[in-house]
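Dear colleague,

I am handing over the structure you asked to look at, and my notes on it follow below. Please keep it open beside you while you read.

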Amino acid sequence: MIRHRRFAIAMPAPSRRPAPPVTLLLPPDLLEQTQLELREASGGHCEAIVLWAGRPTADGDALITHLVMPKFESGRDHLTIPPVVRHELAVWVRSERLLVFADLHDHPAEAFLSRADVAAPFSTTNGFYAAVIPDFAVGDPGVEWRLYEALDGQWHERPTSSKFHELSV
Ligand SMILES: [Zn+2]
């Protein structure tokens, strides 16, 4: 079982991954829950990671419906998701007919895509996002996060405001 939180929002029917650029539609509580989960899992001393999963909308956006917390192994400046967990995650995502649209991990201090992050990304699927959260996520939700979009094997930094669309209640 993969630990997750399902947001109370209507699920679109399953469909294929939309072509980039993909706008992420975020339930009202998602940024705060993400920040809190990372902060708690890091405990001020090790990196942590969560995933955003959901389904495409008819308009080609991505509605995030699940905050997913896979098990990981980490230290102060490194993190890995063991292969067995990645497999378990893939099976669960498929069974729920979800797509993972972003991974989000925190750093001890500055948020940036490190060499280790580039060397071992969670995914390099076109249009996939990787977000990095500074200061072991002790700050306010979404503040000073940095966001990168995978396109043709390269990472491109994007303002979160251009890719995140927070839904109102
Ligand atoms: Zn990193």
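Predicted model: local features only at pLDDT ≥ 70, side-chain atom pairs only at ≥ 80, totals over all residues.

Arg-146 belongs to strand 9, which covers residues 146-151, and, leaving aside residues up to four places away in sequence, Arg-146 touches Ala-111, Phe-112, Ala-131, Val-132 and Glu-157. As for Cys-46, it is 100 residues from Arg-146 in sequence, and the two C-alpha atoms are 19 Å apart in space.

Turning to the protein chain as a whole, its secondary structure consists of four helices and eleven strands. The radius of gyration is 15 Å, close to the 15 Å that the globule rule gives for 169 residues, so the chain is as compact as a globular protein of that length. Along the principal axes, the C-alpha atoms fill a box of roughly 40 × 35 × 35 Å, and 33% of the 169 residues count as buried. Among contacts in the chain with a separation of 6 or more, 69% are between residues 24 or more positions apart.

Which residues of helix 1 are buried? They are Leu-30, Thr-34, Gln-35, Glu-37, Leu-38 and Ser-42, and, seen down the helix axis, these buried residues fall within an arc of 165°, so they line one face of helix 1. The buried residues of helix 1 pack against strand 2 (24-26), strand 3 (49-56), strand 4 (62-69), strand 7 (99-106) and strand 8 (129-133), whereas the face turned away from the buried side carries the exposed residues Glu-32 and Glu-40. Helix 1, residues 30-42, reaches 18 Å from its first C-alpha to its last, close to the 18 Å expected for its 13 residues at 1.5 Å a residue, and the helix is followed by Gly-43, whose phi is positive, near 55°.

Does helix 2 lie largely in the open, or is it largely buried? Of its 13 residues the number buried is one, so helix 2 lies largely in the open. The end C-alpha atoms of helix 2 (residues 83-95) are 18 Å apart, which agrees with the 18 Å that its 13 residues should span at 1.5 Å a residue, and after helix 2 comes Arg-97, with a positive phi near 55°.

With best wishes

How values were computed. Residues numbered from 1 in each chain as written. Helix = DSSP H or I, 4+ residues; strand = E, 2+ residues; numbered from the N terminus. Expected span 1.5 Å × (residues − 1). Buried ≥ 20, exposed ≤ 12 C-beta atoms within 10 Å, placed from the backbone. Rg over C-alpha atoms; globule rule 2.2 N^0.38 Å. Contact = placed C-beta atoms within 7 Å. Arc of directions from axis to C-beta.
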